[in-house]
Amino acid sequence: IEAWHDMEKALARLPARTRAVIWLHDVEGFTHKEIGHLMGKTASYSKSQMARGYQRLLSANDAQRADGADNRDRLAGDAQQRETPPEQETTNERQSNTTTGMERSAAFPAAGAP
């Protein structure tokens, strides 16, 4: 669903005539000759508008992917900085993260025990 919204946004940024050519061709199934006729232009006009529109959509998609990769890298770096490597843990931290034999026994009583 998110990709659909991204595509709608990208299409909305195209010039109206370019967006119309792409819609008529790809969604409605018109030929370039028919689109040219509807717009009072040639089939070549329709083809060039579609090619330019696709190029803009691809550029927008590439930019979005790059932004997404940058964000993922930044978030991964932030998470890595927050982690404390095990060798830097203090003795108290290690002790608080372990359970004693008595705690384990209480948590997991022997089979058949009341």
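This report walks through the fold, the core and a few local details of a predicted model.

Local features here need pLDDT of at least 70 and side-chain atom pairs count only at pLDDT 80 or more, while totals for chains, interfaces and linings use all residues. Residues are numbered from 1 along each chain as its sequence is written, and side-chain values use heavy atoms, with hydrogens and water left out.

**Overall picture**

The chain has six helices and zero strands, so-called DSSP runs numbered from the N terminus (H or I, at least four residues, for helices; E, at least two, for strands). In sequence order that reads α-α-α-α-α-α. Here are the chain totals; buried is under 20% relative accessible area, exposed over 50%, partly exposed in between (1.4 Å probe, protein chains only). Contact is heavy atoms within 4.5 Å, and areas come from the Shrake-Rupley method with a 1.4 Å probe.

| Chain total | Value |
|---|---|
| Buried residues | 14% of 114 residues |
| Contacts between residues 24 or more positions apart | 48% of those with a separation of 6 or more |
| Accessible surface | about 9,300 Å² |
| Carbon and sulfur part of that surface | 55% |

**The core**

Take Ile22: setting aside residues up to four places away in sequence, Ile22 touches Leu14, Val27, Met50, Gly53, Tyr54 and Leu57.

Gln49, in helix α4, is buried too, at a relative accessible area of 10%. Beyond its neighbours within four places in sequence, Gln49 contacts Thr18 and Val21.

**Around α3**

In α3, His32, Ile35, Gly36 and Met39 are the buried residues. Looking down the helix axis, they fall within an arc of 100 degrees, so they line one face of α3; the arc is taken over directions from the helix axis to the C-beta atoms. Lys33, His37 and Leu38 are exposed on the other side of α3. Just past this helix, Gly40 has a positive phi of about 70 degrees.

**Rings**

The charged end of Lys41 sits over the Tyr45 ring, 5.2 Å from its centre; the test is NZ of Lys or CZ of Arg within 6 Å of the ring centre and within 35 degrees of the ring normal.
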